2 protein chains.
Amino acid sequence: MSFDSLKKKIRDVRDYPKPGIVFRDITTLLKDRGAFREVLNILVERYRDRPIDLIAGIEARGFIFGGALASDLNVGFVPMRKPGKLPAPTMTETYALEYGEDKIQMHVDAVAPGQKVLLIDDLIATGGTLAAAARLVEKAKGEVFGIGCVIELAFLNGREKLKPYDVFSVLTYDSE
Amino acid sequence: MSFDSLKKKIRDVRDYPKPGIVFRDITTLLKDRGAFREVLNILVERYRDRPIDLIAGIEARGFIFGGALASDLNVGFVPMRKPGKLPAPTMTETYALEYGEDKIQMHVDAVAPGQKVLLIDDLIATGGTLAAAARLVEKAKGEVFGIGCVIELAFLNGREKLKPYDVFSVLTYDSE
């Protein structure tokens with residue numbers, strides 16, 4: 001399956017979540033088993049046999065791809081969640097939104113010192129969430145092995161914010 | 001790995017989310033690659049080579065196991081989400097909570113008529129969410145192939161509410 005055919009599996013939802021935005025809806029790709037498998041194969045190809053101890057998935061869509069990839073690579077999984085969702089003691093990082101800010105949390109014992117963590121999300125937009133997730137791993141004295149995602153909105157320059165890290169995306173959009 | 005050893009990988013968090021409740025925290029199991037693999041193997045064993053078209057995962061922890069199992073079984077994945085999270089037209093079901101009610105949504109085109117859907121969540125408690133998710137599948141004229149989860153709190157009698165369906169859980173707790 002070519003990148004163009006994979007992109008055709010993604011539904012464009014206009015004016016969501018607000019007027020002027022084109023939302024890239026990956027649920028139409030996920031329900032297509034061939035397309036879902038192809039995206040996972042590309043990620044597996046990239047990360048197979050690399051020294052990765054854990055995959056950290058970003059709530060919520062990052063859980064789907066992160067869980068699947070953790071199974072495929074046979075590594076453990078760590079959830080990065082919105083505030084108040086994790087039951088045991090957490091550490092928190094704050095990141096900027098267009099208006100205001102948001103927070104992301106990880107259990108304090110989720111990553112052991114020295115463990116290599118691959119961060120997985122469905123989307124890189126401005127890179128703020130993933131940069132905060134990377135800081136959480138480093139706060140726990142883990143090492144960010146890399147950042148992998150399915151869709152990269154390249155025109156939002158998320159890579160700039162994620163510069164210290166190895167960033168990989170399956171599909172890139174150069175404009176809205 | 002025995003069921004007892006798997007249970008030891010689950011962390012008991014007392015008084016969460018409120019006094020008197022023991023929360024079964026599966027994040028300690030997830031980060032252990034052997035335990036995570038074992039849970040997935042048990043689910044794969046149960047559902048391999050069955051006529052399943054789609055796995056529907058319940059937000060948010062059901063996305064982790066559901067995504068992984070969809071990859072393992074090579075089927076598509078459908079997210080069942082909290083209200084307002086899905087970008088395209090949705091259908092909604094309401095279910096009762098201890099105090100008040102909650103809703104769950106699915107895209108109207110997520111399941112095609114006649115498709116066989118396996119529902120996956122991390123936990124069966126009272127069964128309310130999963131029963132609502134099953135109604136969504138049936139509203140779309142899909143067929144609920146079964147309901148699979150990692151932990152079943154049997155003392156809450158969730159199976160009663162899920163009676164018409166084939167229910168499977170990896171680990172059962174008979175009391176708090």
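The following questions and answers concern a predicted model.

Reader: By a rotation of how many degrees is chain A superposed on chain B?

Author: The superposition of chain A on chain B has an RMSD of 0.0 Å, with a shift of 0.0 Å along the axis. This is the relation of a two-fold axis. In chain A, the C-alpha of A:Ala68 is the nearest to that axis, 1.8 Å from it. The rotation is 180 degrees.

Reader: How many residues apart in sequence are the parts that B:Arg46 and B:Asp166 tie together?

Author: The side chains of B:Arg46 and B:Asp166 form a salt bridge, 2.8 Å from N to O. B:Arg46 belongs to helix α3 of chain B, whereas B:Asp166 lies in the loop between α6 and β9 of chain B, so the pair ties together parts whose separation in sequence is 120 residues.

Reader: Which residues gather in a patch of positive charge on the surface?

Author: One of them, B:Lys85, is placed in the loop between β4 and β5 of chain B. Its relative accessibility is 33%, so B:Lys85 counts as partly exposed. The patch brings together A:Lys82, A:Lys85, B:Lys82 and B:Lys85.

Terms used
Residues are numbered from 1 along each chain as its sequence is written. Chains are lettered from A and ligands numbered from 1 in the order in which they are written. This is a predicted model: local features need pLDDT of at least 70, side-chain atom pairs count only at pLDDT 80 or more; totals for chains, interfaces and linings use all residues. Side-chain values use heavy atoms; hydrogens and water are left out. Patches are made of residues with over 30% relative accessible area and no salt bridge: like charges are joined within 9 Å, nonpolar side chains (Val, Leu, Ile, Met, Phe, Trp, Tyr) within 5 Å. Accessible areas come from the Shrake-Rupley method with a 1.4 Å probe; for residues, only the protein chains shown count as cover. A salt bridge is a side-chain nitrogen of Lys or Arg within 4 Å of a carboxyl oxygen of Asp or Glu. Lys and Arg count as positive and Asp and Glu as negative; His and the chain ends are not counted. The place of a charge is taken as NZ of Lys, CZ of Arg, CG of Asp or CD of Glu. Helices (H or I, at least four residues) and strands (E, at least two) are DSSP runs, numbered from the N terminus. Buried means under 20% relative accessible area, exposed over 50%, partly exposed in between (1.4 Å probe, protein chains only). Copies are superposed by least squares on the C-alpha atoms of residues with pLDDT of at least 70 in both.
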